[in-house]
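Here is a short tour of how the chains of this model meet. Have the sequence and the 3D view open as you read.

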Amino acid sequence: MGELRLMKGNEAVAEAAIRAGADGYFGYPITPQSEVMEYLMAEKPHERTGMVVLQAESELAAINMVYGGAACGKKVMTSSSSPGISLMQEGISYIAGAELPCLLVNVVRGGPGLGTIQPAQSDYFQAVKGGGHGDYRLITLAPASVQEMSDFVKLGFELAFKYRNPVMILSDGAIGQMMEKVELFDPVPRSKEILPWATTGKTPDRERNIITSLDLDPKRQEDFNLKLQKKYGEIEEKEVRYEKIQCDDAEYLFVAYGTSSRVVQKAVQLARSRGIKVGLFRPITLWPFPSKEIFAMTGQVKGILSVEMSAGQMVEDIRLAVKGKIKVDYYGRMGGIIPTPDEVVEMLEKKIIGG
Amino acid sequence: MAEITLDQIIQPENLVYTKSRIMTDTVLHYCPGCGHGTAHRLLAEVIEELDLQADTIGVAPVGCSVLMYNYMDVDMQEAAHGRAPALATAIKRLMPEKFVFTYQGDGDLAAIGTAETIHACNRGENITILFINNGIYGMTGGQMAPTTLPDMKASTCPYGRDVRMMGNPLKITDIVATLPGSYYVTRQSVHTPGNVRKAKKAIRKAVEYQKRNQGTCFVEIVSNCNSGWKMTPADANQWLEENMLPFYPLGDLKVPEE
Amino acid sequence: MTEEIIIAGFGGQGVLSMGKILCYSGVMEGKEVSWMPSYGPEMRGGTANVTVIISDERISSPILNTYDTAIILNQQSMDKFEKTVKPGGMLIYDGNGITRHPERKDITIFRVDAAEEAARMKSNKVFNMIVLGGFLKIKPLLKMENVHRGLEKSLPERYHHLIQLNEEAIKRGMEIIQEVYQPA
């Protein structure tokens with residue numbers, strides 16, 4: 001068993017980054033995720049593993065530092081919260097276009113604009129539909145506990161390098177700020193491997209390596225896009241992750257991720273105490289979305305309630321998944337308000353069971 | 001007198017100039033008379049002379065030199081507009097033993113990328129920045145640049161830059177020289193053979209000094225844009241001398257204390 | 001066993017660190033725990049509160065609206081959280097600075113005058129540990145050896161010489177806590 005610690009989600013991300021053998025972290029302070037860089041700086045990762053940690057002048061600089069480091073084949077990451085992630089979108093599009101591996105952590109707060117510093121899930125579209133320009137995808141992992149904040153750093157880097165694709169951990173202020181018990185994984189040494197595509201200096205035994213997302217030739221640009229789409233198809237085939245809680249006998253289904261899924265677990269207990277057979281389907285990868293697995297539930301359950309801290313974003317993907325076979329509705333809160341289990345059960349009764 | 005054949009001329013002892021092997025065989029897309037080609041060549045020659053090919057990582061900008069990586073036979077990254085110093089910061093910090101340079105135009109370095117330029121130089125990143133200042137946006141078709149001179153015409157200031165309305169040209173190199181993190185700051189040009197030779201010496205210093213890990217080395221090259229300026233190459237060089245150089249005087253702005 | 005607790009008071013009273021020590025002690029006891037603070041501008045000198053859950057099972061929602069126990073350390077928190085205690089639950093408060101004492105008739109109410117006791121012990125820093133002692137007396141969820149280990153884990157090593165003082169404060173809290181109301 002790994003080392004047990006009581007940590008904030010943000011601290012778990014930082015500790016996991018050092019343990020995962022990250023080469024570099026580049027970030028800019030923003031509530032509610034500033035503990036990531038604070039923890040890293042306090043830990044002196046330069047002494048622990050040689051990891052570089054740098055406070056950039058902006059999120060714009062931070063994401064482009066990530067680009068520069070990732071293009072050298074290094075394990076690099078950044079973290080921010082919603083407004084900062086918006087500022088990074090150009091860089092994220094370039095990173096996806098240059099097929100660079102990296103880890104992005106969004107500890108989501110309510111928007112739009114400066115919004116609030118309280119937790120929200122209103123960046124779902126931005127994460128899974130491509131927040132920047134062009135046809136690209138981010139592998140999006142949604143942790144629902146501090147443990148997963150730690151575990152998904154390691155998993156995120158693995159997936160990023162497996163597919164040469166940016167991976168986003170889509171968390172929120174509640175998971176970032178709360179403390180839970182974490183079993184830390186054993187440290188992995190930083191990789192010394194020189195990746196064949198990376199810009200590490202042109203040696204006589206190979207052609208020069210160029211990292212770019214630019215190709216002005218339409219045919220080649222289309223071919224490149226087709227290649228990207230093929231990669232995304234493969235990821236959709238192989239990397240869907242989800243968890244089912246009390247679904248075996250369920251007649252109704254909640255779908256929720258992250259903090260909402262925690263509230264909904266309590267709502268499931270509450271509903272079942274009132275005799276309502278309801279289960280929770282928790283997507284862990286928001287992209288690729290577990291569409292087939294949710295469709296498979298339509299033979300069993302009579303209706304689905306999507307519970308989100310947004311105006312209803314994931315519910316669109318659920319509707320696409322069930323293809324109109326059963327009723328799908330949404331309940332959520334915004335502005336940093338977290339729905340309560342009572343509200344959730346009430347809405348299940350009103351919108352799905354009674355509706 | 002016997003006739004001399006071409007084969008007799010092409011002999012090693014007659015060689016007076018050869019293209020650096022750090023330049024690829026790709027034909028440059030730059031307009032005839034443009035300073036970019038010369039600046040590329042000087043950097044390539046310095047990399048070759050210092051035997052740095054295997055250690056070099058370059059960062060190309062957005063602007064006319066966006067395709068620089070097609071011409072230089074070194075590992076290169078293409079940055080988003082203005083962000084080259086951020087990329088270079090990470091590259092150098094993650095691989096401190098490498099030679100890392102950015103090559104940026106005036107729009108890239110002194111408008112959209114001002115923050116990255118200032119902060120990278122102020123942190124004293126051990127990188128080398130080549131800054132091509134031709135007072136105009138070349139690639140997008142001759143719009144006003146941060147460095148466009150007062151009253152100078154561009155497509156977005158067709159009656160000349162009215163500084164009361166459009167603001168003043170930015171002497172960013174002067175600002176960089178005041179930052180504690182910059183180590184060597186110089187302004188050069190490549191519009192005459194003499195200036196080319198001086199510029200090469202400056203670039204060589206800016207490359208060599210990176211090994212000292214003392215801070216950012218910054219070389220501005222005041223250049224021309226005969227297409228954007230709507231002049232012949234010869235006229236453009238003369239205009240540069242008469243108008244650009246009085247505003248952007250050549251010479252060292254900051255030199256290491258030896 | 002699942003115990004859902006809100007601890008609320010002024011910033012600077014050690015509300016968050018008390019919750020953290022409670023949670024770490026829970027970890028040492030092999031329990032599941034969660035610690036969910038209020039955060040943001042309200043941290044700056046205003047009120048601070050933290051939701052602590054200690055359970056034998058996987059914890060569902062870390063955010064709650066009702067609590068088994070409310071530990072209330074100022075008037076604002078009394079106004080906000082007295083009503084959130086579940087019927088049959090428990091409220092612990094420090095009488096210092098309280099102008100409106102708890103009025104609920106369906107919960108058990110305890111008073112631990114920790115501020116006064118801390119002054120007597122000549123250490124403001126141990127205020128929150130006196131409160132914690134009071135809580136642990138009423139709800140002996142955790143063994144004292146695990147509280148000791150929780151303190152060791154929570155406090156940076158440079159403060160480990162203060163562990164003994166903290167434990168004394170916990171004992172004092174256990175001694176001075178008094179029941180002031182019990183529903184019939």
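## Where the chains meet

A:Ile211 stands opposite B:Gln77, a residue in strand 2 of chain B. Helices (H or I, at least four residues) and strands (E, at least two) are DSSP runs, numbered from the N terminus.

A note on the model: it is predicted, with local features needing pLDDT of at least 70, side-chain atom pairs counting only at pLDDT 80 or more, and totals for chains, interfaces and linings using all residues. Residues are numbered from 1 along each chain as its sequence is written, while chains are lettered from A and ligands numbered from 1 in the order in which they are written.

Chain A puts 33 residues in contact with 29 residues of chain B, where contact means that C-beta atoms, placed from the backbone, lie within 7 Å. On the chain A side, helix 4 (59–70) is among the elements that supply at least two residues, and helix 4 gives the most, with six residues.

The contact between chains C and A takes 17 residues from chain C and 19 residues from chain A. On the chain C side, strand 2 gives the most, with six residues; helix 1 (15–28) also supplies at least two. Strand 2 of chain C runs antiparallel to strand 8 (residues 179–184) of chain A, joined by two bridges, and A:Glu180 stands opposite C:Ser34.

Here is the make-up of two sides. Ala, Val, Leu, Ile, Met, Phe, Trp, Tyr, Cys and Pro count as nonpolar, Asp, Glu, Lys and Arg as charged, and the others, Gly among them, as polar.

| Chain C, touching chain A | ten residues | five residues | two residues |

Definitions and conventions: Contact = placed C-beta atoms within 7 Å. Pairing = 2+ DSSP bridges.
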